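Here are a few friendly notes to read alongside the model.

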Amino acid sequence: MILTSRTQNLLTDLQKIMALNEDEIVQRGIAQATTDRIVELRQRMGQLTEQYGSIENLEARSNEVSVDDHTLRSDLLEWRAVRHELEQLAHFWENV
């Protein structure tokens with residue numbers, strides 16, 4: 001892994017303070033980044049659920065709208081993408 005000199009300096013300083021090796025710090029960073037993203041995705045899923053009730057409701061509504069209004073279809077695509085990414089992160093998390 002190639003680190004910038006600033007990141008390498010921060011890593012070295014942190015290792016002195018926390019008595020952790022580089023691998024442990026990187027693993028904790030990966031875990032935190034994964035957790036942060038899962039929280040973001042769950043919040044967005046909650047917003048979509050609050051707005052539409054369920055993805056099935058949104059799918060039904062998106063088929064009934066005018067071809068000029070793409071809001072529902074965009075939200076549907078986003079919801080599907082959020083679910084997919086959450087599934088991938090859950091699988092990743094299980095293998096960490």
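The numbered points below go through a few places in the model.

1. Some ground rules come before the details. This is a predicted model, in which local features need pLDDT of at least 70, side-chain atom pairs count only at pLDDT 80 or more, and totals for chains, interfaces and linings use all residues. Residues are numbered from 1 along each chain as its sequence is written, and side-chain values use heavy atoms, with hydrogens and water left out.

2. Let's begin with Ala19, which sits in the loop between α1 (5-18) and α2 (22-52); helices are DSSP runs of H or I with at least four residues, numbered from the N terminus. Its phi is near 55 degrees, a positive value in a residue other than glycine. Ala19 counts as exposed, at 66% relative accessibility (exposed is over 50% relative accessible area, buried under 20%, partly exposed in between, with a 1.4 Å probe and protein chains only).

3. Leaving aside neighbours within four places in sequence, Thr34 is in contact (heavy atoms within 4.5 Å) with Leu89, Phe92 and Trp93.

4. Trp93 is partly exposed, with a relative accessible area of 39%.

5. Finally, have a look at helix α3 (residues 55-62), whose buried residues are Ile55, Leu58 and Ser62. They lie on the same side of α3, because they cover an arc of only 60 degrees around the axis (taken from the directions from the helix axis to the C-beta atoms). Their cover includes α2 and α4.

Key: Helix = DSSP H or I, 4+ residues; strand = E, 2+ residues; numbered from the N terminus.
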